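Please read the points below with the sequence and the model in view.

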Amino acid sequence: MNAGVEKGVAKAVTLRRNVQIELQVNGEPTEVSFAPYKTLLELLREDLDLPGTKHGCELGECGACTVLLDGEPVLSCLVLAVECAGRSVETVEGLAQGTRLHALQAALTDLGGSQCGYCTPGMLMTAKALLEREPSPSRERIREAIAGNICRCTGYQQIVDAIESAARELRAGGETAR
Amino acid sequence: MSGADKKFDVVGKARRRVDGRGKVVGQLRFADDLVLPRMLHCKLLRSPHPHAVVESVDVSRAEGHPGVHLVLTGEAFPVPYGIMPVSLDEHPLARERVRYVGDPVAAVVAKDEQSATEAIELIAVRYRPLPTIASPEEALANPEARIHDYGEQGNIHRNQAYEFGDVEGALAASDLVFEDLFFYEGNTHLPMEQQASLASVEGDGKLLLQSSTQNPHYLHRQLARVLQMPASQIRVIATPNGGGFGGKCDPGNHEFVVCKAALVLGRPVKISLTREEVFYQHRGRHPVLMKFRTGVSKDGKLTAMHLQTLLDGGAYGSHGPASTFYTGVLTPVTYQLPRFKFEACRVFTNKPACGPKRGHGTPQPRFGQEVQLDKIADKLDLDPAELRLGMVTEPGSLTASWLRVGTTGLAACIRSVVERSDWKAKHRKLPLGRGVGLACSTYMCGAGVAIYWNKMPHSAVQLLLDRSGQVTVYSGATEIGQGSDDVLAGLIAEALGIDTDAVRCITGDTGITPIDLGSYSSRVTIMMGNAALQAAGRVRDQLAAAAAEALDTLPERVVFSQGRVFAVDDAGKAMSFVEAVALAEAKFGTLSAVGSYTPPKPPGKYKGAGVGPSPAYSFSACVVETEVDPATGWIHVPKIWIAHDIGRALNPVLAKGQVIGGVYMGLGEALMEEQAFRRLPPKLSDALVHRNPSMLDYKSLTALDMPEVDVTLIEDPDPNCPYGAKEVGQGPLLPVMPALANAVYDAVGVRVDEVPVTPDKVLRALERKAKGEAARVGPEAFPEVPYPSPTFVLPPWENGDGDELKGADGKPVRRERRVATA
Ligand code: FES
Ligand code: FES
């Protein structure tokens, strides 16, 4: 934090020299250079122009920053960006197919699961990981899966409804919706 | 405007909200998502002392730090601000004094957040600590050191007393008088989005602030004041709020700071508060101590109530003057109460300022009132639901305090939750450890008066149509997640017989939208809605006149529905909406209309009668079921039933979502949420620090903790509201806390007269019960508060005229004199 004039400019400069990595972002090969202290959250929002991923704490406590790293949900505020070299990241921006919404996206908004929408990107990514693992989760399983994603608006009920409904739709083969 | 007999195309249909898509694709831009070329970043230095004189601030080392562009201190801000004109007691950066741990003292603007954070630590501030006030009791006992040099006296910020009819007389004549003390701990909004603001100087030289604010209009006024600039040179855009709940109503220090910095540097400056800072910014629920003395007759009718409240206001005024009123004024709206007296006092303490949170000032007394009613029912051996049903206020009636109750669905709400929860089979009948509790509440549909006194409309809407069929609606209302844009589009679409897709909403921008006072006091649906319908009605008249000519019919026979415009009695005479717009544009010129709304004048005339009146009141009733483990005190809530009198649900998906969200937040307050402080040892500066300023430690309900909520919407359209729609954003939170406490009593027979109701309190009460002591945990004493002698007003049924009693000299007669001369 305090590497400034105090502890020698040279050190500060090393700390700030950008690093460069290659990774897959929403299916696209991407090359990016950034300050090495950055988290994956910061990398996405500040260097990859993907501000869809949100932050509510930057301490791993709220779930708003959830993205998929090699298919697994992670809190991007706790992942160092340099660790993502060669890996694949999926964010909310990659969910829709062109202008067609993913079933989870359509259900979440149609059934009231997204009020202010701030927890929504993290919620969607958590739900996507769940449905990929378990195509027909019970309501209780859905609640467990999203227990680390705090939402202050909805009281969760309509989010659970939406994930349940999207799961049904995906099982029935509907990949995307309006 | 009730349109009770109208068939609706849009209203009442479940629809995707108009801003829904942007949210699920990650395209909606919140304040911190905004980036401008040449943008700099700002960080605030905050006081580690709860109360101290700022002797000096040395910024030289910070200014020399690499990447730093500007360091600001209190010197940059000589003019104070405050959301209420009577409490202009804050400076963006402290000048001589800091008043709570977290009070901003200086700001650094740098090329990135990292450099700004480093530089903040290079600022040297010399503080001289002052004695600190931690609680209302300490504030009352220690008029010195004064936290502010204004207020009633010592550390009392506001102090007020009102009496509607002779309450002592009525209590003396009552069969029974119940006296109870309650305490409601403070808690905070915890919006998922941390406050963020981006200020810039636009190409035309004017200041632009894009900020997560609920009230761009009030912020705009305060910016003009503090920056000493004409308001016309400032534009505030309220970015979509990632949750507000009242926490983004007050202008924030950071908002002034980034504006000033942008003006000095000529470059965009952004700030995004950390989560810890959001906890210290606060402006949330006031901790309130309450004393209720309530008279009842043997058959369960209220005779009179004397309510005293003591609010812990924290370090600044904020909305405090209003909050103080709200701990009393809505109390008489739910049940017939012949006489009512309330005394309320707000003190300053050295903690983050309290302000408005969902329900503003009313959840605390509602908790006390509804738990006390449960005790009354118990004592009188009456069913708590029947007791309440026997005394709900009549539609259109006046309260003792001269509030006009409009439509009320409270009885229907009670009956609904009683039936759906199978209350009769459960109450006092479930086995030990399981219980049900019931409670009710009411809330306003918008405050009857603005925060600053003026005679202008509270909300205005402008509509612009063109030959493409495009309908653009401009409103100053702010989307904070509650769905105000959807309400706006839905009402316009309904009035013009088109789809919401055809309506473009431009909202919350003081540079281009007509004024709306903001997203607070559940006012938007009613006030913006009525203004929107007026504007739509005016445009519709023009469209109807033009279409009637072409269709060879009369304008009053023209119908607008589903994108078509046709004659009511001849479906063959029809055209598309777009054709009608083109005809009207040819006939009248460019099509545009404005609408505005001002709430009705309140019936009360006494000084202070402006707080509490509303165009309408919503009502709710709730049953909570609990399972309480007598061994651990652990409380599990398997299910909640709630009925809310909404007048009419404009979009049922959203309305239901507001109800469930309100229940969620209420249950969190009931069980666990606490904005509490602890004192560090003297060698660590005696500081009053937040006990749990993180999302992990500030407990809130997760998806796993949240019970199923059974929602019933009671629809009885209110004539003062757009298509009859009342508020739903705040009311449903209110009955949850008392219903939970009453359910705990039903389960294990102990009273926790305190919020939150936590397992340790339940256990303590159970231990007391086992020892044969009073089976109760809660406050034991109410301090001596120097309330003023009350303003005395006769209730409507005692030949009152709505004004305070005045003597021959025209001065108000205080109760003492009236009694003496009676
Ligand atoms: S921002 Fe990552 S968990 Fe809160
Ligand atoms: S929708 Fe607002 S936090 Fe979840």
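This is a predicted model: local features need pLDDT of at least 70, side-chain atom pairs count only at pLDDT 80 or more; totals for chains, interfaces and linings use all residues.

1. Leaving aside residues up to four places away in sequence, Pro136(B) is in touch with Leu310(B), Asp312(B), Val347(B) and Thr349(B).

2. Pro136(B) belongs to helix 4 of chain B, which covers residues 136-141. Its relative accessibility is 12%, and Pro136(B) therefore counts as buried, the limit for that term being under 20%.

3. The second topic is the interface. Here 52 residues of chain A are in contact with 59 residues of chain B. The size of an interface is often expressed as the accessible area lost when the parts come together. Between them, chain A and chain B bury about 4700 Å², with 53% of this area on carbon and sulfur atoms.

4. The rule finds 5 salt bridges across the interface of chain A and chain B. A salt bridge joins the side chains of Asp33(B) and Arg45(A), at 2.8 Å from N to O. Residue pairs in polar contact between chain A and chain B number 25.

5. On the side of chain A that touches chain B, at least two residues each come from helix 3 (103-110), helix 4 (120-133), helix 5 (139-145) and helix 6 (157-171) of chain A. Helix 3 of chain A provides the largest share, 5 residues. By type, the residues of this side are 22 nonpolar, 17 polar and 13 charged.

Conventions:
Residues are numbered from 1 along each chain as its sequence is written. Chains are lettered from A and ligands numbered from 1 in the order in which they are written. Side-chain values use heavy atoms; hydrogens and water are left out. Helices (H or I, at least four residues) and strands (E, at least two) are DSSP runs, numbered from the N terminus. Buried means under 20% relative accessible area, exposed over 50%, partly exposed in between (1.4 Å probe, protein chains only). Contact means heavy atoms within 4.5 Å. Buried area is the accessible area (1.4 Å probe) that two parts lose on being put together, summed over both. A salt bridge is a side-chain nitrogen of Lys or Arg within 4 Å of a carboxyl oxygen of Asp or Glu. A polar contact is a pair of N or O atoms within 3.5 Å; within protein, one must be able to donate a hydrogen and the other to accept it, and residues adjacent in sequence count only if both atoms are side-chain atoms. Ala, Val, Leu, Ile, Met, Phe, Trp, Tyr, Cys and Pro count as nonpolar, Asp, Glu, Lys and Arg as charged, and the others, Gly among them, as polar.
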